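Hello,

Here is the structure I promised to pass on. My notes follow just below it, and I would be glad to hear what you make of them.

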Amino acid sequence: MAPRAAYYLSTPIYYVNDSPHIGHAYTSLACDVLARFMRLDGRDVLFLTGTDEHGQKVEKSAIAAGMETQEFVDQVSERFRALGEVMGYSNDDFIRTTEDRHTRSCQELWRRIVANGHIYLGKYAGWYSVRDEAFCTEAEVTDGPGGGKVTVTDGSPVEWVEEPSYFFRLSAWQEPLLEFYEKNPQAVAPESRRNEVVSFVSGGLNDLSVSRASLKWGIPVPGDPGHTMYVWLDALTNYISAAGFPDTECDLYRTYWPCDLHMVGKDILRFHAVYWPAFLMAAGVKPPTRVFAHGWWTNEGEKMSKSLGNVIDPHDIVERYGLDAVRYFLLRALPFGSDGDFSHRAIVGRMNDDLANDYGNLAQRVLTMVNRNCAAAVPEPGAFTPADDALLGAAEALVETVRADLGEQSFHRALIHIWEVVGQANRYVDEQAPWVLRKEDPARMATVLYVVIETLRHLAVLTQAYMPAASGRMLDQLGVAEDARTLAALGPDGRLAPGTPLPKPEPIFPRFVEDSAAS
RNA sequence: GGCGGGGUAGCUCAGUCGGUAGAGCAGUGGAAUCAUAAUCCAUGGGUCGGGGGUUCGAGUCCCUCCCCCGCUACCA
């Protein structure tokens, strides 16, 4: 038997200075759905997430909180782990940049880049924003209200810093990067983001400051402990640290690197699509296969911000709408890659129309009939008619379509395709009218009900990646064994066995009923 | 300023090679009654952002203008 094809995908590591919000939840959710789907498809998956714990900002926050820095990051990192539990993530690893394995990896990557002549000692002078962890050009700085200088973009204060610094020779990587994008058109997605990246690189690249002398909370530069690595070089390296680097001969590394997919928000695309491949190529390491930048959410049409106080906390919406509904909505509401709006009306529409009415009710109406008229067991089908074959054929063809959609991270399209079959099944039930057959032709009724529950088996197996809990309950009601819920079990060979006892059906997707007492 | 992406039914959006404008939701009418008052059927006279052009024929190609979004530059 051939070894299972490996699939390595990552979320960004989240900065511990932030509180987990819907943006973090969304990025990881997309990865989780992909990871689950790939596992169902028999792939050997490594799904990585974690936390970014270094930098001046963290150090200052710890002091402000009156805590030891390590104690502070331990506590905040835990919040991101907790988010994973609330959202049902199935990550295989959770890396923290304060771990030894990461320090070793970073330092070795640095040594290799130095050995190849791409890091040199220079001097940096400029405006530095502690909040943004970045130096700013003169054009990005303006006079602040309090007399000091602030950034133009978000008004965070900047301070003038002059210090010796190590530089990464990014300027030398312009051509290799352009060649990389050219040869690997799928390396940056979606298409519009790829254009932006190519355009940015074509415009010329400046060398990058990759160390800071004034920073203590970070990874020391090998051979020059007076310097600490620049936060992005540190953070990005987590992706190979988790793959066992620098031990490039270990199973982990040989199996999973290069990473198949880095999922990121559009704000950090440049770091992943430009700096990161350059760092790796400079060290003689293969760059990641693909970086996908998704969009932002607004809340009821408004940009989310701390000052507006309208930042969506994943815990709140999961509590209000339920995890399965939230997971479904976030990936169905908009084309993946675009910006989207989170509104109460929109999610309730999806919950009630798509989940409760179309999908949930399809299962309920058919399983109830089976329960009452087929001795609560999978019925014995007779010969299939063309109408039966049409529905079964559509259900069986779905796996190919969904695999292709998810292969290009088109989460919403996969759901649209699945729901086309949901609609087809509802129409089939109306046309066949098993409640009429019950009196006139019980054998035909049994066949019709069988065709629908067999269709439901396909639907439920496929929706597992998006809605693990609800889909699992549906598979329970269909009498599908735990070990028969993979994509390999789809198709005619895995059909439901007549006579299998079925439990009494219970509604799977609750309708959201507005609380009229409120307001 | 440059580059990229958009401007299509009340709302969210599809529209491959140019050939009588589509889907979902919402609305209206009807059927059915197995089901979570769920389902199914019927129903869209929209200047396809404005103007001009090419063509027998353009949402779909060309020119131009307006507006929105993203990336980026420069002036300062």
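Helices α17 and α18 cross in a left-handed way (left-handed: the near helix is turned anticlockwise from the far one by less than a right angle). This is a predicted model, in which local features need pLDDT of at least 70 and side-chain atom pairs count only at pLDDT 80 or more, while totals for chains, interfaces and linings use all residues. Residues are numbered from 1 along each chain as its sequence is written, chains are lettered from A and ligands numbered from 1 in the order in which they are written, and side-chain values use heavy atoms, with hydrogens and water left out.

The axes of α17 (residues 442-463) and α18 (residues 468-477) come within 8 Å and cross at roughly 155° (axes are lines fitted to C-alpha atoms, for helices over the stretch in contact, and angles run from 0 to 180 degrees between N-to-C directions). The two helices are therefore roughly antiparallel (over 145 degrees). Helices (H or I, at least four residues) and strands (E, at least two) are DSSP runs, numbered from the N terminus.

There is also an open six-stranded sheet with parallel pairing, ordered β3-β2-β1-β14-β15-β9 (strands pair if DSSP finds at least two bridges between them). Its edge strands are β3 (93-96) and β9 (188-189). Four bridges join β2 (residues 44-52) to β3 in the parallel sense, and Thr 49 stands opposite Phe 94 in β3.

On confidence, the model scores ipTM 0.90 and pTM 0.93.

Best wishes

Notes. Angles under 35 degrees count as roughly parallel, over 145 as roughly antiparallel, 65 to 115 as roughly perpendicular and the rest as oblique.
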